[in-house]
Amino acid sequence: MAKQEGSSFLVTILVILFLSSIATAAQYNVLNYGATPAGITDSTEAFLAAWTQACGSINPATVYVPTGRFFLRNVVFQGPCKNNAILFRIDGTLVAPSDYRVIGNAGNWLFFQYVNGVTVSGGVLDGQGPALWACKASGKDCPSGATSLGFSNSNNIEISGLISLNSQMFHVVINGCQNVKVQGVTVSASGHSPNTDGIHVQLSSGVTILNSRIRTGDDCISIGAGTTNLWIENAACGPGHGISIGSLGKDLQEPGVQNVTVKSVTFTGTQNGLRIKSWGRPSSGFARKILFQHAIMINVQNPIVIDQNYCPDNKNCPGQESGVKISDVTYQDIHGTSATEMAVNFDCSNKNPCTGIKLEDVKLTYKNQPADASCTNADGTASGFVQPSSCL
Ligand SMILES: *[C@@H]1O[C@H](CO)[C@@H](O)[C@H](O)[C@H]1NC(C)=O
């Protein structure tokens, strides 16, 4: 190779290297912004600084959290960002302050809002909840607690391989979001921990929750008003309060829940299995086009339940009827054991009876005997083998 050719060859290589470096994701390692992996000092500012770089990048960007324990106060990862492909890759454990008062009134511990195209991959979140749960159990005046991971008003979100431990309040909340994929998430908290819902979805469309394992003290997955096109598949729930649509109808004006599929879920020792719940008071809310398919119940207290007379402490609703209209709900291939005699209980609104309830291939036993079913204001059909025999 002539000398001339050699140097232009080198220039070409350098140009290619330069171009490929801007085309690949920039990576922002929190250690380079002062985070300490030994769990001694507060790393909040370092995480925020790395986020600010990633969010301000015009190219895809990665925030990288290596192994170690990182202490974080409540932090908001704020969008909009200059790119729509940010990967938050966590190999380590993020630890909430041991004093629950620090984040207890913040609403959320780790909170993303107005972002588009953010993936949180891996990581352990330790909410350090037990001290707050103990405070609540003692009857003292305590903060309500923070959700460990919240996404609000965001689109094209993915959460995968995350482990959430001992949240103060809810573990994961999806609020006001479109197109969210949650997969391979593990939630773990005591069966006696208060208000520690595993995954809560509300005012969101196109949320998919796959392959999750949830052990907690409240609902494994709770589905709030304004949830549409939700798909839940392959989950294990228990201990916990089951999968719940609702409570709906708390507010007079409320968007409905529509097109929800809950498929292949195993409930073990839970308080409820598949539940729809509404306040016993006027509301514009509704729940329709719901499919519960292929569920296994193992010693579940209320395997199939619709409760439209929810009125905690009998405050602000005694004697009123739920305005929430429940229709087109299918229970298909639901098998297993009930921990109480009443395995199927449809307690619907007198003013808005449930319609289009379908039971297909349901077999629930109590102490090796057919369990019981109860229907109030519920209309629908049964087909295939149905035990307890349908009261519809
Ligand atoms: C119902 O939701 C699923 C996603 O869970 C979606 O694929 C489907 O198109 C929706 N159906 C309707 C009629 O919107």
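Start by selecting Cys177 and showing its sulfur. The closest cysteine sulfur belongs to Cys81 and is 14 Å away, too far for a bond. The cut-off here is simple: a disulfide is a pair of cysteine sulfur atoms within 2.5 Å. Colour Cys177 by accessibility and you get 0% relative accessible area, so the residue counts as buried (buried means under 20%, exposed over 50%, partly exposed in between, with a 1.4 Å probe and protein chains only).

A word on what you have open: this is a predicted model, where local features need pLDDT of at least 70, side-chain atom pairs count only at pLDDT 80 or more, and totals for chains, interfaces and linings use all residues. Residues are numbered from 1 along each chain as its sequence is written, and side-chain values use heavy atoms, with hydrogens and water left out.

**Zoom out to the whole chain**

Switch to cartoon: you'll see three helices and 29 strands (DSSP runs, numbered from the N terminus: helices are H or I with at least four residues, strands are E with at least two). Along the principal axes, the C-alpha atoms fill a box of roughly 90 × 55 × 40 Å. Of the 392 residues, 49% count as buried.

The chain exposes about 16,500 Å², and carbon and sulfur atoms supply 51% of that (Shrake-Rupley areas with a 1.4 Å probe; for residues, only the protein chains shown count as cover). Colour by charge and you have 24 positive and 25 negative side chains, the centres of the two sets lying 4 Å apart. Lys and Arg count as positive and Asp and Glu as negative, while His and the chain ends are not counted; each charge is placed at NZ of Lys, CZ of Arg, CG of Asp or CD of Glu.

**The disulfides**

Select the bonded cysteines: the structure holds six disulfides. Counting bonded cysteines along the chain, the pattern is 1-2, 3-4, 5-6, 7-8, 9-10, 11-12.

Go to Cys220 and Cys237, which are joined with an S to S distance of 2.1 Å. This pair links distant parts of the chain, 17 residues apart: Cys220 sits in the loop between β16 (205-215) and β17 (221-223), Cys237 in strand β18 (residues 228-237). The torsion about their S-S bond is about 85°, so the disulfide is right-handed. Both Cys220 and Cys237 are buried.

Next, pick Cys348 and Cys354, with sulfur atoms 1.9 Å apart. Here the S-S torsion is about -100°, so this disulfide is left-handed. Cys348 and Cys354 are both buried.

Then move on to Cys375 and Cys391, bonded at 2.0 Å. Cys375 lies in strand β28 (residues 372-376) and Cys391 in the segment after β29 (378-387), so the pair ties together parts that are 16 residues apart in sequence. With 70° about the S-S bond, this link is right-handed. Cys375 is partly exposed at 24% relative accessibility, and Cys391 is partly exposed at 29%.

**Last stop: His241**

Select His241, which an unreviewed UniProt entry annotates as "active site"; such annotations may be inferred rather than shown by experiment, and positions follow the numbering used here, with feature names shortened. His241 sits in the loop between β18 and β19 (243-248). Show what surrounds it: beyond neighbours within four places in sequence, His241 contacts Gly217, Asp218, Asp219, Cys220, Gln271, Asn272 and Arg275.

Key. Contact means heavy atoms within 4.5 Å.
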